[in-house]
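Please keep the sequence and the model in view while reading.

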Amino acid sequence: MASYTLDVYMPVVILMAIGVLLVLVSVFLAQIIRPFKPSALKEQAYECGEDPVGTAWANFNVRFYVVSLIFIVFDVEGALMFPVASIFRRFVEIGEGGVLLGSLLIFIAVLVFGIVYCWSKGDLDWVRSFQLSQEQINELKGVEDKA
Amino acid sequence: MDYTISTVAPIVLLPFFAFAINAFIVKKFTKVAVFLSCAAILGSFFFASRIFFDFLNVFATDYYIHKTFTWFDLSYGEFPFKLDMGIYIDNMTATMLFMVTGVASLIHIFSTYYMKEDARYGRFFVYVSLFTSAMLALVLSENLISVFIFWELMGFCSYSLIGFYYEKEGAGNASMKAFMTTRVGDVFFLFGILAIWSVVGSVSFVDIYAALANGAFDGQYALGISLATVAGLGIFMGTIGKSAQFPLQVWLPDAMFGPTPCSALIHAATMVAAGVYLSLRCYPLMEAGGLTYFIACIGGITAFGAATIALVQTDIKAVLAYSTISQLGYMVLGVGVGSYNAAFMHLITHAVFKACLFLSAGSVIHSLHDHHTHAHVQEMPRMGGLRKKMPFTFLAMLFCTLAIAGIPFFSGFVSKDRILGDALVAATHDAKYWIPSVLGFAGAFLTAFYMFRMMFLTFFGEPRDKDLYEHTHKEKLSWNRNVPLLILSVFTLGVFFSGSLTGQGLIKVADKKYEWFQTLIEKPHIENFTNRSKQAFGFTTEKSTETFEASHYDANHGLSEEEAHHVHHIHHIGALVSIVIAFSGVFIAAMMYFWRSWNPGFWVSTFSRWYRALQNKYYMDDLYIKGIIQKGLIPFNNLLAFIDMGLYDRYAIDGWEKVNRALFTVAKWVDNLIVDTAMVDGTGASVRFFNVILRTLQSGKIQFYFIMIFLVLAGYIWTLNI
Amino acid sequence: MSPTLYDYVNQFEAHQKAVAMLNEFFGTDVTGYVTFLVFLVGALIVVGVMATIGGLGTYAERKISADIQMRQGPNRVGPFGILQFLADGVKMILKEDIYPAQADRLLFNLAPMLAIVGVLATLAVVPFSSGLTLANLNVGVFFLVGISSLVGVAVFLGGYSANSKWSMLGGMRGASQIISYEVPITITTLTIVLLSGGLSFGAFVETQGGLPHQWYIFHNPFTFIGFFVFFIGMLAETNRAPFDLPEAESELVSGYHTEYTGMRFGLFALAEYIEIFVLCGVAVAAFLGGYKVPFDLGSGVIFVEKLGLPAIIGKNIGQVLQLGSFVTKTLALYYVVIWVRWTYPRIRVDQVMTICWKYLTPLALFNLVGVTVWMYLTHNQSIWELFSHLFAAAGSGGGH
Amino acid sequence: MFQDILFICSAILVIAGTLGVVFSKNLMRACTLLLGTLFGVAGLYAVLGADFLAASQLVIYAGGVIILMLFAVMLTGGSADKANKFGIEKIMGMGSVKTYVIAGLTVLVFSLTIMKLLASFLKGYQKLDELPAFTSTVDKIGTMLVTDHVLAFEISSILLLGALVGAAVIARPRRG
Amino acid sequence: MQDHVEDNGANMISLPSYLFLSFIMFIAGLVVMVARKNIIAILLGVELILNSAALNFAAYTRFINQNLEGNIMSLFIIVIAAAEAAVGLAIVIRFFQLKESVHIDDATQLQA
């Protein structure tokens, strides 16, 4: 197998440095030529012309978290599957593909089970919290009937 | 071809995974489960056929694959206690794998037709997948322990499948009966394994052969009986239980309570074959134990006795069940008279045609739907004339009946005739073998008779239950009903198994490669096993160092010219006799049930005692229940109960109570004064004291716990001497 | 394919001689510095070209949309208005930089930087040609997936730090959309990894061929579906219409960069356009044969043998052809991206999630299983190879 | 030469990020600085020749965990009051002098312990004369994942499934 | 391509320097875990500690035995860290929904 030197990371580092410098230079160089007249009105957060009420850093819907949760599981499983996937071709060529196929399929099956679970429980529905379950509907109906 | 995990393991693992997955999804996704099962068994058929054709390609008698891995090794010093697991594939295994997977695939496909409307459609496939997987694992096993494990697993599956319609009256009892009866044989089987282990120190077939060749069994006696005899007898008892030989045959007829495809799978093609397969594998051991005559007699009695019972059955599946027992008797007879090759060939041919017979019977039963009771009809007296309603089933069944009856050009003739021929040869050598061989010929006659009786009653003549007949739909060709039957019935032709249609050159079509069966399957040459090598079973494709030369068909089978001539001569006689017998059986059946010239009622009234005996299966069930269980086991049980309750309970336990009471008074004093006052109360006080300290520790503040953990860890590390 | 740009340059005798001369001149080993210089020049060229392409992207966007909507589009600055992007850039620089009063200043400054760094770092592994790949990392595509997720963090932080409700909504939406669509993209990439047997873009491209039937998109039915999964995921990943929820101007004013002005806004826009180009490039490298030129023209051997050119020139002509092949395909895909934007209406936020989790991800998983089984059953053959074997077998009377 | 630079950059990122996480008063900034640390660690992996590990550090941490943390901070950052309903001030959440003192003492004890461990280890540490060249670790890791470590590989999928199901059950939006 | 990486003199890329870095990270994680009262901040500390452990494994692989077992170990540490973060943060969010607090001193009871 071909060996490599750490020089392969040099472009990455250079490009990242260029990125940082680009931002710094363009922001600070521009500071010289652009106008700078701050005022309280300018610094107000945009809220369609109204005065902003409270802070934006308020509670957010937990659906965002559930989505990122499913994402991270897929991400990690993907990360584990990448090296296995990269040797699959070679294993097929030497006739041992079956074992890899089996272990990959089991792995994927577990993954699929997770997504099926989330699907069936409604975690993938964006508007879930606005929908009532049948039980809750019955409950409400019962309240109405009593009333 | 390489024999590695990815080429061999799928044969067993595909059905097993299908089982494991289906067990969870079967309730919700029945169709998926069924598809998975079928796909798995077809996949395993694919892998099995790769192995089979590889063996055909090499075409060498001695070709084998033996790979093992160590399961556990508890050896200590000079006491070896090591168990290997692995695979042993020779020509017999390869053929067996091909047959089992092939027949099982067709049965799976047929079941999608037969079980379709069943309430537990999916669950059937769960059991069948596990069952098939266990059977395949058994076939691949390289040692007796793993054979035993899968043997028991199959026992469990057959238990579940026989009791499949557990709401049906008798199904539960039948499954229990099958389970318990085979268990009797299994106990002896385990004894046999232990006997082998005590001599050989290993249970691998290869090691057993090598030990036999080295004479390890010589001079090994227990209670004056040779250990080879003990071992062989034990293993043969396992066969008796599993393959339903006399006297443990009683479970198999009851096993027809299960669904018909499962009867085809369990009680024709695979499970009962496992018993015979095992005794073939252990043939050298039985030969060394001097058990051949015993085995031959058991086989002959079973073959004849079961055939006689089949004469009077009216249930179409019961006829087939008894014919199975009878045919298994032939295989065992073949083992007994040293007809190794023919016994195995009969195993294969029988598996094919009996599976087909059961499936055809299933096809018939499934079509006959009694709209009064909403049940399927199995009784032959209510059938008749069905040939016109279901011509394709009729054709398939006719082929198989011809095969089982031993009509020339069909596979049953080839294999059964050779067993009978070998029995005759044995009889000419040793007069005592006349008994089993005559029983065998008589059984062959009866087989032809009752099978054609079944055919005539079912398919010919006038319909006896007009109402039922009218309501039966005309058979439509469908892929999952007729294709399996068609394929199986094609394979009842003798040419697939033997180039010379009698197997012994009566009518010779070809030789060499066409005689693959005779050439490849031979008794294990135990002297070759002393230096055989095994390989590790894993991912590596390490090649065997041995090379195998293709074998050639030897018409003399290694005998001298003179002996061979003698054998051929006798075989010719045997073949002619069995042809005559078969045709006369068919003729009598036709006279009685087709042309109706002879009245069967006459025979029934003449031999009414015998008729009743046959209807009651020679009173063997009654004997077991009334005689052995009620007269023997229950009194024995009562005796034990008396010993337990009257003697042990009354004197030992009650007496001990008196002693205890005396001790108690002493103990009470001690307890009150010392334990209670000093220790218990003292403990309470000390707990209260420490409580104050510990309560502050358990504050519920997590970070405090962190700190504690880290400090304790630090303290631990400081105590380490590094 | 050489692992880095430097290895490619180092093949040439002239370069080796030059390095040797410099060594002699300075009296020490200057290889390290030369390497650095080569990479620096290469990186600057790539970034410069990318910035231009990004700028031209805005121009092309407006021009093409105008075309589609039968308008004129920018036509004042320069011929056909082509210098419009420069004017825009000048405007960006001259605009006043405003910090919202409530903002978290550090993160507010950091967000565009993260976006631009994340995008520029991905350029290191984009295979422009077999020589002009800055670094052919062993973990190329995996690295790309990892480093480009910085953009998601940047979008989130950009939305968060301004402390404006519109920004916050846009940032949350943007981040969850980006991470969600990373799943089908990653899984689809996994199918290509399976086929090519390596994670590097070199392996991706080198196992394909120049002609369309050798591309992975036409390798088997699953990759064909996979390409479209990838393409849709790519649109969402870059917040392009019809997935431009995070910056939906009619709902969220301008999404996560509502409060950004001047150059910082420009940097966000630049990052977005470069990311589109990079992802188009990835799609081309993974599915459309990358820089491969038909009939092996890319290696340049044929010029040397047939036309008698010197080896070095033949090789470089090959490189130019490869570059042309790659850029043409990428720009074509870029055009499709713009075309899609002006053709399809924006979808709702619940539909975004539904499409990702209920359609694309199961489809991608199905593709993954499909490709795995396909490879196992056909021994890595493409559908065309299978057909050709079939015909060959039929032609030879059913032999092997 | 270059590897030294890469190492130094990574180390600086790691140390700066770590100190930021320790002393930052703002949770969002602490998360962002943790991102710096994680990038630094990825760089360190790269210098160690563990290219796959570096990339998976980027993919899993930078792409996944950090986003998850940011979301979690966002989801719990709300409620404008200075103190929660138990009367504990929110600003205390990032630590006070008292807690830092306790932490300092704990760390002092534990760092001494670790130094003892390291000292005994480094005493017997034989520096290798030459280290092998860098080769791609992807194939080797892939092969090991399906041979020696196949159980861990499959079980990790079960672990992740458990994490997914458990976390989804816990965090699922509820009415009321 | 070189066959090996030359060890030129006082090389800073050595096992002790890696151990030092992971030591810093570990100690910092410990400080965060003990000093902070915000549960999410404590989880940040846990991530730091797990990272330091993973880095140690990778460093030992490089400098001691080169058989990549350490890399596998690090990989699984990363996997477990991700799972831990997912579940831990889910608990935090649930806790916040119940008590409107992420302060660790509010979490003194096992029951809600």
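Two residues are said to be in contact if their C-beta atoms, placed from the backbone, lie within 7 Å. Helices (H or I, at least four residues) and strands (E, at least two) are DSSP runs, numbered from the N terminus. The model is predicted: local features need pLDDT of at least 70, side-chain atom pairs count only at pLDDT 80 or more, and totals for chains, interfaces and linings use all residues. Residues are numbered from 1 along each chain as its sequence is written, while chains are lettered from A and ligands numbered from 1 in the order in which they are written.

**Confidence**

The model scores ipTM 0.73 and pTM 0.65. The predictor's confidence in each residue is its pLDDT, from 0 to 100. Chain E has a mean pLDDT of 81, with 88% of its residues at 70 or more. Over residues 1-9 of chain E, however, pLDDT stays under 50, and the model has 16 contacts beyond four places in sequence for this stretch.

**Chain A and its helix α2**

Chain A contains four helices and one strand, and their pattern along the sequence is β-α-α-α-α. A residue counts as buried if 20 or more other C-beta atoms lie within 10 Å of its own, as exposed if 12 or fewer do, and as partly exposed in between; C-beta atoms are placed from the backbone. Of the 147 residues of chain A, 43% are buried. Helix α2(A) is mostly covered, with 28 of its 31 residues buried. A kink of about 35° in α2(A) is centred on A:Ile87; the bend at a residue is the angle between axes fitted to the seven residues ending there and the seven starting there. Just after α2(A), A:Gly95 adopts a positive phi of about 85°.

**The buried face of α6(D)**

Among the buried residues of α6(D) are D:Phe153, D:Leu160, D:Leu164 and D:Ala171. Seen down the helix axis, the buried residues of α6(D) fall within an arc of 160°, so they line one face of the helix. The arc is that of the directions from the helix axis to the C-beta atoms. An α-helix has 3.6 residues a turn, so residues three or four places apart point the same way. Against what do the buried residues of α6(D) pack? They pack against α2 (63-93) and α3 (97-120) of chain A, α5 (138-146) of chain D and α3 (69-99) of chain E.

**The contacts of chain E**

The contact between chains E and D takes 64 residues from chain E and 75 residues from chain D. On the side of chain E that touches chain D, α3(E) gives the most, with 20 residues. That side has 44 nonpolar, nine polar and 11 charged residues. Here Ala, Val, Leu, Ile, Met, Phe, Trp, Tyr, Cys and Pro count as nonpolar, Asp, Glu, Lys and Arg as charged, and the others, Gly among them, as polar. With chain A, seven residues of chain E are in contact with nine residues of chain A. The side of chain E that touches chain A has six nonpolar residues, one polar and no charged.
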